Amino acid sequence: MPTTTARQGHPSVRQGCPGAASQARTGAHQPVREPQPSGPGLAGLTGLTAQERDVLYALGCGLPDAEIADALSLPEPAVAGQLGRVLVKLGLPDRTAAVVHAFDCGLVVPGHGPRRRSAPAVTGHGRTGPGGGGGSGAAADARLRVCVLGPLRARLGGRSVDVGPVRQQAVLAALALSPGRSVSRQALLDGVWGMESPGANVVPVYVYRLRKGLRLGECPDSVIGRDRYGYRLVRDAVEVDVTCMEDLVGAAEAAERAGDGAEAVRLYGRALELFRGEPLAGLPGPLAELERLRLIERRVALAYRKAHWQLRLGRVADALAGLSALALEQPLNEPVAALLMRALHHAGRRAEALAVFDRTARRLADDLGVAPGEPLRRARWSILRGDEAGRGRAGAA
């Protein structure tokens with residue numbers, strides 16, 4: 001049975017690879033070819049999507065995540081997510097094993113492909129260093145990046161962009177939090193202004209200002225499009241940190257299902273790194289308030305899952321560091337307190353573990369007028385009876 005049709009080079013890697021671009025400027029460019037698989041062949045790539053194969057091919061060629069992202073026009077966090085899914089689907093323990101697998105199945109052939117070609121350095125302003133001159137780095141950076149996992153920030157072509165007053169920022173945030181969907185004028189009014197709506201005509205004014213300040217090239221609709229349902233961010237022109245975070249979480253959950261705790265910890269850590277403080281800090285409106293609470297809860301849940309796997313892997317000191325900070329931030333969160341108790345018990349700090357129970361129980365009584373729930377009571381009882389079976393386990397999520 002045939003494997004793959006021979007192509008005139010690997011399109012996504014050939015067109016976007018920074019190293020290929022640098023060679024093209026010197027006239028020494030040769031197409032990057034993805035060879036037909038030999039050996040195990042396609043059987044060694046079963047279940048991978050076309051993009052996952054592209055990522056595995058680029059990894060096998062020796063490109064780091066940043067260059068893979070440039071070559072395939074992906075956000076760098078999404079590359080980590082794709083690699084995580086590749087490892088899970090192929091049953092591989094780590095990235096080194098993935099590189100070996102790419103060679104074993106014939107996806108990458110020694111001497112073919114862009115093995116760590118020198119790429120032009122790109123400065124924070126999207127120019128090629130040291131003397132400028134453009135290049136693929138600037139082209140790959142020519143997208144709008146919207147960050148809402150902290151104070152709202154927008155970067156265009158590697159430069160920070162002023163997106164105007166807080167209500168205008170809130171309009172951009174509302175669009176960023178609706179990836180792939182159009183948001184109606186009324187929904188924007190209700191979400192950004194609530195009961196203080198100044199009238200429907202204010203939305204087109206704010207959208208016009210955003211389009212004017214955020215356009216890519218000469219096209220005013222290149223970032224914010226409009227259809228009969230409302231306004232939306234153009235998918236291929238805009239990258240949102242929340243979407244990148246959810247891609248990483250999806251890969252971490254896949255690693256969990258495969259029992260790869262170390263990879264899950266790594267991916268949860270990458271997702272948590274995208275948070276830069278209070279989400280949507282300072283933005284007004286009911287939508288920002290609801291999303292702020294949801295994203296804070298999301299961050300807490302991810303930190304909990306990361307600590308859960310650290311504890312299961314025996315990385316008790318790492319788990320304790322994260323859980324101690326999380327418990328201070330969330331003093332009424334019973335699952336966090338219970339996991340902290342188990343971690344302290346595992347570390348042989350029994351008295352401190354019981355003190356966490358007492359402290360949390362007092363806060364629950366004083367602030368909410370309730371008694372400790374089952375997770376806390378179960379953790380305390382396990383410690384009091386010296387239950388070895390409860391030590392080192394994170395308990396139910």
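Axes here are lines fitted to C-alpha atoms, for helices over the stretch in contact, and angles run from 0 to 180 degrees between N-to-C directions. Helices (H or I, at least four residues) and strands (E, at least two) are DSSP runs, numbered from the N terminus. The model you're looking at is predicted: local features need pLDDT of at least 70, side-chain atom pairs count only at pLDDT 80 or more, and totals for chains, interfaces and linings use all residues. Residues are numbered from 1 along each chain as its sequence is written, and side-chain values use heavy atoms, with hydrogens and water left out.

**Exercise 1.** Work out how α5 and α11 are arranged.

*Solution.* Step one: their axes come within 8 Å and cross at roughly 15°. Step two: α5 and α11 are therefore roughly parallel to each other (angles under 35 degrees count as that). Step three: look for contacts, meaning heavy atoms within 4.5 Å. On the α5 side you'll find, among them, P77, A78 and R85, and on the α11 side residues including C244, D247 and L248.

**Exercise 2.** Do likewise for α12 (residues 261-273) and α13 (residues 286-312).

*Solution.* Step one: the axes come within 9 Å and cross at roughly 150°. Step two: that makes α12 roughly antiparallel to α13 (the cut-off is over 145 degrees). Step three: the contact residues include Y268 and L272 of α12 and W309 of α13.

**Exercise 3.** Find which elements each supply at least two residues of the lining of the second largest pocket.

*Solution.* They are α5 (76-90), α8 (166-176), β6 (238-240) and α11 (241-257).

Definitions and conventions
Parallel < 35°, antiparallel > 145°, perpendicular 65-115°, else oblique.
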